[in-house]
Amino acid sequence: MKIPILMYHKVSPGQKEKYRISPEKFTSQMEYLSGKGYQTISPDDLLRFIKGARNERRETRDEEQRDKSSIVLVSKANARPSSVVRVRRGTLPQKPVLLTFDDGYKDNFTHAYPILKRYNFRATIFLVTRYMGKKNGWSKGNEEMLSWKEIEEMKKEGFSFGSHAHTHPNLLELSRNKVLSEIRDSKRILEERLGEAIIFFAYPYGKFNSKIKEMVKGAGYLGAFSTLPGKNGRNEDPFLLRRILIRGYDTKLHFILNLKLGKSRI
Ligand SMILES: [Zn+2]
């Protein structure tokens with residue numbers, strides 16, 4: 001089995017753009033997934049599925065006795081309590097899909113969230129910590145971002161959150177120290193705000209190299225989402241998770257091909 005991870009950004013009415021999908025089109029995609037029997041999974045579920053997660057797993061006898069229904073994921077590089085994560089055992093649904101949103105736009109709450117709830121779907125949102133509750137400070141800088149209250153409400157409904165760095169820079173253009181603070185600060189801020197371990201990262205602009213990948217690992221994350229296309233098999237590198245970009249102007253055929261093949265061009 002290979003698992004598709006879909007990547008969205010903005011969900012709102014307006015001009016057709018690569019990174020903005022209309023609520024109508026988004027609804028019809030969710031309708032399609034639901035009708036075909038797809039069920040959303042969390043990044044934790046995905047991590048358990050891929051082979052890499054098995055290397056990170058720590059199962060002590062004590063843990064087993066205390067709670068047979070869970071496994072413990074521990075980041076090797078970071079012994080802080082927040083990097084110890086308990087993930088419930090469970091089997092994946094027959095047709096799993098992971099829905100992700102990058103950046104943390106307010107429309108994820110106003111438009112996508114009610115649609116997702118209608119289909120009993122959950123999603124994962126990668127937040128740029130410096131701009132939450134404000135306007136975004138990169139690109140044109142005129143987009144409203146999610147408030148912490150909205151994030152909190154979605155969290156209560158089972159949505160999960162990861163880091164998309166502190167200021168959304170191209171990490172390839174920064175010094176080592178700046179990269180480290182982008183990766184660490186965003187993790188710390190999210191953990192303080194949400195009161196849980198933040199163990200997933202998404203590379204801003206999909207930009208990374210092997211050093212950046214190692215720094216993300218070293219900061220205590222257990223997985224990172226890239227923009228490399230395709231679906232994810234058991235042997236995938238957990239720090240190079242593949243995602244399928246859903247573009248605002250994609251047709252239904254693009255969407256179906258993406259789901260089945262991990263790409264929409266044949
Ligand atoms: Zn982004």
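Predicted model: local features only at pLDDT ≥ 70, side-chain atom pairs only at ≥ 80, totals over all residues.
Trainee: How many helices and strands does the protein have, and what share of the residues is buried?

Mentor: The protein has 9 helices and 13 strands, and buried residues make up 42% of its 266 residues. Among contacts between residues at least 6 apart in sequence, 63% join residues at least 24 apart.

Trainee: Which residues have the most contacts inside the largest nonpolar core?

Mentor: As a general idea, nonpolar side chains tend to be buried together in soluble globular proteins. Here the largest nonpolar core has 60 residues, and those with the most contacts inside it are I5, V216, Y221 and A224. If we take I5 and leave aside its neighbours within four places in sequence, its contacts are L98, T100, F225, N232, L241, R242, R243 and I244.

Trainee: Turning to helix α9, which of its residues are buried, and why are they on the same side?

Mentor: In α9, which runs over residues 252-261, the buried residues include F255, N258 and L259. These three lie on the same side of α9 because they cover an arc of only 95° around the axis. On the other side of the helix, L253 and K260 are exposed.

Terms used: Residues numbered from 1 in each chain as written. Helix = DSSP H or I, 4+ residues; strand = E, 2+ residues; numbered from the N terminus. Buried ≥ 20, exposed ≤ 12 C-beta atoms within 10 Å, placed from the backbone. Contact = placed C-beta atoms within 7 Å. Core = buried A, V, L, I, M, F, W, Y, C linked by C-beta atoms within 7 Å. Arc of directions from axis to C-beta.
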